[in-house]
Amino acid sequence: MADKMTDEQRHRCMSSVRSKGTKPEMKVRTALHSRGFRFRTNVKKLPGTPDIVLAKYRTVIFINGCFWHGHGRCQEFRMPKSNIKFWEEKIHNNQKRDAANNAQLEEMQWNVITVWECELRSKVFESTIEHLVSELYANMFEWEKLTTERKNHRKLYHADKKSKKEIANHKEEIHDTRE
């Protein structure tokens, strides 16, 4: 089927597609906020500018449109029948960028959760949010555990360093008394 819009109409239509504050994003943000979660949105200092950042849970959430990010398992994703090469390249580049951003975030010890637009349909919305909430609590537990372990290691390191210093001082005292 041929495109019914002129190039100018198509350009205007595509340029009106937003990247922040989309309906799916607002739906997830509202659901999380009503469950007591507090977060920041679109943090530019993090790779990929995540849609939702929950620092306490060391988690970032991306809400991806099934079309723009090529959700292959989604029944609603269909490759356009015109200008196929352009769209395949565009979606493939989006997927590559998403993977690179996720890898960077994971290197920075952030948990990355991707919520797909199709998972926010009314039939599955509640189960999606419940699954998201359980992931957040699991991430918080793991982050607290890791943080506690780091603090304990730091305490042991400093205690070991202090005892080595005391031993060195004691050896110096013994050496000084012999002279």
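Student: What makes Arg58 a charge over the ring of Trp110?

Tutor: The charged end of Arg58 is 4.2 Å from the centre of the Trp110 ring and sits over it. A charge sits over a ring if NZ of Lys or CZ of Arg is within 6 Å of the ring centre and within 35 degrees of the ring normal. Lys27 sits likewise over the ring of Phe125, with its charged end 4.8 Å from the centre. This is a predicted model, in which local features need pLDDT of at least 70, side-chain atom pairs count only at pLDDT 80 or more, and totals for chains, interfaces and linings use all residues. Residues are numbered from 1 along each chain as its sequence is written, and side-chain values use heavy atoms, with hydrogens and water left out.

Student: Why is His71 called buried?

Tutor: Its relative accessible area is 7%, and buried means under 20% (exposed is over 50%, partly exposed in between; 1.4 Å probe, protein chains only). So His71 is buried. His71 lies in the loop between strand E3 (59-64) and helix H3 (84-107).

Student: Why is the pair of Phe67 and Trp68 called edge-to-face?

Tutor: Rings of Phe, Tyr and Trp (its six-membered ring) pair if their centres lie within 6.5 Å; planes under 30 degrees apart count as stacked, over 60 as edge-to-face and the rest as tilted. The search of the whole structure finds 8 aromatic pairs. For Phe67 and Trp68 the centres are 5.1 Å apart and the planes at 75°, so the pair is edge-to-face. Phe86 and Trp87, with centres 5.0 Å apart and planes at 80°, are therefore edge-to-face as well.

Student: Is Trp87 buried or exposed?

Tutor: Trp87 has 13% relative accessibility, so it counts as buried.

Conventions
Helices (H or I, at least four residues) and strands (E, at least two) are DSSP runs, numbered from the N terminus.
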